Amino acid sequence: MLAYPQPAAQYSDDALRQALSDAMLPQLASRLDDHDAWSQKLSGGEQQRLAIARVLLKKPQWIFADEATAALGELAENTLYGKLQAHVCAVGGGMVSIAHRPSVAAFHSKQWVLEKLPEGAAARYELKESALPPAGMT
């Protein structure tokens with residue numbers, strides 16, 4: 001489950017456990033070899049943290065997150081986004097998020113908004129850079 005789509009044998013047990021711990025799922029560290037219907041066993045928040053654990057395990061240069069923390073509380077969201085941000089900074093990459101929560105803006109340097117164009121325009125929407133809310137404004 002954690003190493004998907006690669007085989008788990010590609011990673012050490014320590015690396016797998018560390019990714020789970022970093023994603024706030026230490027309770028799963030003892031179940032690395034268990035096969036189960038995880039999509040039915042894990043809550044929405046746990047599934048989102050598992051996806052973040054995969055990212056932290058695989059260490060990509062770029063992270064594209066679509067409502068990655070929508071099922072999490074603000075503290076967990078801040079903790080996990082902080083880890084993702086620290087990772088992309090360390091590897092010289094970047095992170096693009098799609099989110100409805102304004103609290104995610106604190107982890108980004110730019111914000112874009114899709115604005116609906118008037119009826120009859122050549123396109124339906126226009127992508128515009130928008131000012132980020134001031135730090136602490138949620």
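This is a predicted model: local features need pLDDT of at least 70, side-chain atom pairs count only at pLDDT 80 or more; totals for chains, interfaces and linings use all residues.
I98 sits in strand β2, which covers residues 94-98; strands (E, at least two residues) and helices (H or I, at least four residues) are DSSP runs numbered from the N terminus. Leaving aside residues up to four places away in sequence, I98 touches A65, D66 and E67, where a contact means heavy atoms within 4.5 Å.

A cavity is a set of points, on a 1 Å grid over the protein atoms alone, where a 1.4 Å probe fits but cannot get out, and lining residues have an atom within 4 Å of a point. The volume of the largest cavity is about 40 Å³, a volume being the space filled by probe spheres set on the points, with grid points joined across faces, edges and corners. One cavity of 30 Å³ or more is present in the structure. The lining of the largest cavity has six nonpolar, one polar and three charged residues; Ala, Val, Leu, Ile, Met, Phe, Trp, Tyr, Cys and Pro count as nonpolar, Asp, Glu, Lys and Arg as charged, and the others, Gly among them, as polar.

Now go to the largest pocket and select S97, H108, K110, Q111 and W112. Of its 28 lining residues, these lie nearest the centre. A pocket is an open set of points with protein on both sides within 12 Å along at least five of seven lines. Helix α4 (74-90), β2 and β3 (111-116) each give two or more residues to the lining of the largest pocket. Which element gives the most to that lining? Strand β2 does, with five residues. The volume of the largest pocket is about 710 Å³, and its lining divides into 17 nonpolar, eight polar and three charged residues.

For the second largest pocket, select M1, L2, A8, L32 and D33, which lie nearest its centre among 13 lining residues. The volume here is about 220 Å³. Eight nonpolar, two polar and three charged residues make up the lining of the second largest pocket.

Move to the aromatic rings. Rings of Phe, Tyr and Trp (its six-membered ring) pair if their centres lie within 6.5 Å, and planes under 30 degrees apart count as stacked, over 60 as edge-to-face and the rest as tilted. The count by this rule is two aromatic pairs. Select W62 and F64: this pair is stacked, because the ring centres are 6.3 Å apart and the planes lie at 25°. W62 is partly exposed at 48% relative accessible area, whereas F64 is exposed at 65%. Buried means under 20%, exposed over 50% and partly exposed in between (1.4 Å probe, protein chains only).

Finally, zoom out to the whole chain. The protein chain has four helices and four strands, in the order α-α-α-β-α-β-β-β along the sequence. Its C-alpha atoms fill a box of roughly 55 × 30 × 25 Å along the principal axes. Of the 138 residues, 29% are buried.

Residues are numbered from 1 along each chain as its sequence is written. Local features need pLDDT of at least 70 and side-chain atom pairs count only at pLDDT 80 or more, while totals for chains, interfaces and linings use all residues, and side-chain values use heavy atoms, with hydrogens and water left out.
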